[in-house]
Amino acid sequence: MGQVFSDTSKKEDNGGLVSSYNKYFKNIKSGSTIISPKTSHSIEQHLKDGNIQGATSAIRDALKNIDNVPINIAVTGESGAGKSSFINALREVGDDEKDAAEVGVIETTMKITSYKHPKFENLIIWDLPGVGTLKFPPKEYLKKVEFQKYDFFIIASATRFTEHEMELAKVITMMNKNYYFVRTKVDFDIDNEKKCKPRTFDREKILEQIRKSYEKTFEKNEIEKPQIFLISNHNLSDYDFPSLVDILIKDLPAQKRHNFMLSLPNITEAAIQMKYNASKQFIWLEALKEGVLATIPALKSLSDSDVQKLEASLNHFRVLFGVDDKSLELIAKEYQVPVEKLKEKLISHSLLTNKENETLGEKLFKCVEKFLSVSGGFVATGLYFGKMFYFQSLFLDKVVEDAKVLLKEAYSKESLKFNSPTATDHDNMK
């Protein structure tokens, strides 16, 4: 083992730390970083000045802020706009689950309802009554719903946006908040057109017609043409939801991006990669905070507390990326396959399982050896971690691989369902 990792390596000097810091963070797109440019500059300056304590303090404050900062999303729209299903989809909660937003209820009151994300308590989605429901002018409406606490507004509609909603958009802009028009249930339009005009059906042409009809409405109401996001609440990977997510992340303050990105469902490989990149930044900053960035990992021994920390990290990543036991049971139930069959395709579930009297150190060494043979690991990039952070990063890589495997499995199962004779009838029942 000692031939791969040395535990007698000297730490890099401050210039090396600055170089490693820049090498990592300068390559991250500005709209994807989880710390602000101001914080990043502060950390870099402390490292250049040799003020390790100052750099550590800045990182600690940034990480604490990322963990604790609230994210409040407002979703408004008239009754029947698909708000509840949209909120449930954002929270990865089924419409029929216990704490789901109730679907199909006629809106008659001015009640504001909040829904916490099941994995991130600081992320709250607020279901606001439609602006027309309250019979108030838009400016008064925003005061009633306490507009200042929301990071942005989603204005949802399943048919057309009303004059009330157009006026609401204008007032939100005047109050320096962001809003996004979301046209829900677009899959229903597509399915109906396909049924009625099977010979001339053209999906892209229909979507373009829907967009143009809204553009005319905006022009009529003297609103500078905003982007319209056409989505299906039951199939987020299709249509414009990924584009909506990209813009929301870009528009959010840096410290709020991390938890928002991690809260997103694994609808595409790009979404999984986005969550992976955010998690990797967090691990990297944690390593720098602990002062172990310049330490080459050694595999001499692992204490019981080390093992417990590693198991906790692995389990955390599994839950985050939906490859934990509970998530696998739900997936197995939905696609009617044995849970064990799913686990056979995954790596992360066997990472800490000892077989044939193999010690945990030997088990982890084999994992690392395999990882290095394929990617070169952090050593190849000039980024060095202490053993705990090295293994956390390795675990994250393996869990993300598993998440992508599950996504492909889901796509293949969905394809079978879609091509089955009853697929159309099944979709129309949603």
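In which strand is the place of Asn178? Asn178 belongs to strand β5, in a predicted model whose local features require pLDDT of at least 70 and whose side-chain atom pairs count only at pLDDT 80 or more, while totals for chains, interfaces and linings use all residues. Residues are numbered from 1 along each chain as its sequence is written, and side-chain values use heavy atoms, with hydrogens and water left out.

The secondary structure of the chain consists of 18 helices and six strands; these elements are DSSP runs numbered from the N terminus, helices being H or I with at least four residues and strands E with at least two. Of the 430 residues in the chain, 48% are buried, where buried denotes under 20% relative accessible area, exposed over 50%, and partly exposed the range in between (1.4 Å probe, protein chains only). The accessible surface of the chain amounts to about 22,500 Å², and carbon and sulfur atoms contribute 50% of this area; accessible areas were computed by the Shrake-Rupley method with a 1.4 Å probe, and for residues only the protein chains shown count as cover. Among contacts in the chain with a separation of 6 or more, 71% involve residues 24 or more positions apart, a contact being defined by heavy atoms within 4.5 Å.

The six strands are arranged as an open sheet with mixed pairing, in the order β2-β3-β1-β4-β5-β6. Strands β2 (113–116) and β6 (228–230) form the edges, each pairing on one side only. From one strand to the next, the twist averages 25°. Pairing of two strands requires at least two bridges between them as found by DSSP. In general, strands of a sheet pair through backbone hydrogen bonds, in either a parallel or an antiparallel sense. Strands β2 and β3 (residues 123–128) run antiparallel and are joined by four bridges, with Lys116 opposite Ile124 in β3. The pairing of β1 with β4 is parallel and comprises four bridges; there, Thr76 has Ile155 of β4 as its bridge partner. Strands β4 and β5 also run parallel, joined by six bridges, and Phe153 stands opposite Tyr179 in β5.

Strand β4 is mostly covered, six of its six residues being buried. Burial extends to both faces of β4, with Phe152, Ile154 and Ala156 on one side and Phe153, Ile155 and Ser157 on the other. Apart from residues up to four places away in sequence, Asn178 touches Phe152, Phe153, Ile172 and Asp251. Asn178 and Leu252 are separated by 74 residues in sequence, with a C-alpha to C-alpha distance of 9.7 Å.

Helix α9 (residues 241–251) touches β4 (152–157), β5 (178–183) and β6, and its direction makes about 175° with that of β5. Axes are lines fitted to C-alpha atoms, for helices over the stretch in contact, with angles between N-to-C directions running from 0 to 180 degrees. Helix α10 (residues 254–263) lies across β1 (71–76) and β3 at about 55° to β1. Nine of the ten residues of α10 are buried, so this helix is largely enclosed by the rest of the structure; the buried positions include Lys256, Arg257 and His258.

Helices α9 and α10 pack with their axes 9 Å apart, at an angle of about 155°. The two helices are therefore roughly antiparallel to each other, under a scheme in which angles under 35 degrees count as roughly parallel, over 145 as roughly antiparallel, 65 to 115 as roughly perpendicular and the rest as oblique. Leu248, Ile249 and Lys250 of α9 meet Arg257, Phe260 and Met261 of α10 in this contact. Its residues comprise four nonpolar, no polar and two charged, with Ala, Val, Leu, Ile, Met, Phe, Trp, Tyr, Cys and Pro classed as nonpolar, Asp, Glu, Lys and Arg as charged, and the others, Gly among them, as polar.

Further local features concern individual residues. Lys185, in the loop between β5 and α7 (186–196), has a positive phi of about 60° although it is not a glycine. Lys185 counts as partly exposed, at 29% relative accessibility. Glu222, in the loop between α8 (203–220) and β6, likewise has a positive phi, near 55°, and counts as exposed at 71% relative accessibility. Glu44, in helix α2 (residues 37–48), counts as buried at 10% relative accessibility. Its contacts, leaving aside neighbours within four places in sequence, are with Val18, Tyr21, Asn22 and Lys26.
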